[in-house]
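Let's take a walk through this protein chain, from its overall build down to a few single residues.

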Amino acid sequence: MDYLNHNIAVNLKRIRQAKGYTLDTAAEQTGVSKSMLGQIERGEANPTISLLGKIVSGLRVELSDLVKTPGDRVYRVSKEKLIPTKELQDKYKVYTYFPYEKESNIELYTFEIQPGSSYFSGTHGENTEEYVIVEQGVLTLSVGGTAYCVKEGDAVRFDTDRDHEYQNRGSKLLKIVCVFHYSA
């Protein structure tokens with residue numbers, strides 16, 4: 001399940017319960033079957049925009065109320081349930097743990113880059129910093145034409161107002177954690 005479907009599942013159940021609705025009542029209000037609502041709440045369905053339209057209309061909430069990161073004090077993301085948000089077969093996978101939200105000004109991703117492969121990223125604009133921690137392997141990070149070697153367990157921070165590339169010149173899988181911070 002991707003982060004968006006997870007958000008919808010958690011938020012739909014919370015909203016329904018806060019209104020005191022059973023699945024039967026929610027089905028009556030939205031015109032969406034009880035079984036489909038249950039599948040969405042369990043993260044077993046990938047609802048269409050049309051279906052989400054029925055839900056927000058019937059529950060009298062905004063679409064953003066369904067898709068936003070749940071406001072729980074603890075919000076757990078399971079890697080085994082994530083689907084790569086970017087992927088090039090046998091080259092790299094990018095997983096989104098926490099996408100950009102205006103309230104937090106950060107994003108958190110992990111990259112898995114196969115030996116001999118790389119991932120190119122264009123500029124993220126001004127006032128953006130990226131923090132990278134190498135969990136496994138050795139990262140060759142090229143920023144604005146200069147290459148930096150970042151070893152396992154080490155970290156690097158840079159302004160992302162220039163093109164940059166993550167390279168795995170090693171012989172084992174490269175795993176990195178990337179945090180983007182957007183300042184005003």
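**The whole chain**

Keep in mind that this is a predicted model. The protein chain has five helices and 10 strands, and its C-alpha trace spans about 60 × 35 × 30 Å along the principal axes. Of its 184 residues, 39% are buried. If you look at contacts with a separation of 6 or more, residues 24 or more positions apart account for 62% of them.

As for the surface, the chain exposes about 10500 Å², and carbon and sulfur atoms supply 47% of that. There are 23 positive and 25 negative charges, and their mean positions lie 5 Å apart.

Which residues touch the most other members of the largest nonpolar core? They are Phe111, Val132, Leu139, Tyr166, Ile176 and Cys178, out of 20 residues in that core. The elements giving two or more residues to this core are strand 2 (92–98), strand 3 (106–113), strand 5 (128–136), strand 6 (139–143), strand 8 (155–159) and strand 10 (174–182). Strand 10 hands over the largest share, five residues.

Leaving aside neighbours within four places in sequence, Leu139 is in contact with Val132, Val134, Tyr148, Cys149, Val150, Tyr166, Gln167, Leu174 and Ile176. Apart from this core lies another one, of 17 residues, with Ile8, Ile15, Val32 and Leu52 among them.

Now for the helices. In helix 3 (residues 34–41), the buried residues are Leu37, Gly38, Ile40 and Glu41. Their arc around the axis is only 160 degrees, so they sit on the same side of helix 3. The buried residues of helix 3 pack against helix 1 (3–18), helix 2 (23–30) and helix 4 (49–59). After helix 3 comes Gly43, with a positive phi near 75 degrees.

Helix 4 can be read in a similar way. Leu51, Leu52, Ile55, Val56, Gly58 and Leu59 are buried in helix 4. Because they cover an arc of only 165 degrees around the axis, they end up on the same side of helix 4. On the face turned away from that buried side, helix 4 carries the exposed residues Ile49 and Ser57. The cover over the buried residues of helix 4 includes helix 1, helix 2, helix 3 and helix 5 (63–67).

Most residues other than glycine have a negative phi, and most peptide bonds are trans.

Asn127 lies in the loop between strand 4 (118–121) and strand 5.

Is Thr140 buried or exposed? Thr140 is buried, because its relative accessible area is 9%, under the 20% cut-off. Ser142 also counts as buried, with a relative accessibility of 16%.

Not counting residues up to four places away in sequence, Thr140 touches Ala147, Tyr148, Glu165, Tyr166, Gln167 and Arg169. On the same terms, Ser142 touches Ala147, Asp163, His164, Glu165 and Gln167. Ser142 and Arg162 are 20 residues apart in sequence, and their C-alpha atoms are 9.9 Å apart in space.

Here are the accessibilities of the single residues picked out above.

| Residue | Relative accessibility | Class |
|---|---|---|
| Thr140 | 9% | buried |
| Ser142 | 16% | buried |
| Asn127 | 44% | partly exposed |
| Arg60 | 62% | exposed |

Technical notes:
Residues are numbered from 1 along each chain as its sequence is written. This is a predicted model: local features need pLDDT of at least 70, side-chain atom pairs count only at pLDDT 80 or more; totals for chains, interfaces and linings use all residues. Side-chain values use heavy atoms; hydrogens and water are left out. Buried means under 20% relative accessible area, exposed over 50%, partly exposed in between (1.4 Å probe, protein chains only). Helices (H or I, at least four residues) and strands (E, at least two) are DSSP runs, numbered from the N terminus. The arc is that of the directions from the helix axis to the C-beta atoms. Contact means heavy atoms within 4.5 Å. Accessible areas come from the Shrake-Rupley method with a 1.4 Å probe; for residues, only the protein chains shown count as cover. Lys and Arg count as positive and Asp and Glu as negative; His and the chain ends are not counted. The place of a charge is taken as NZ of Lys, CZ of Arg, CG of Asp or CD of Glu. A nonpolar core is a set of buried Ala, Val, Leu, Ile, Met, Phe, Trp, Tyr and Cys residues joined through side-chain atoms within 4.5 Å.
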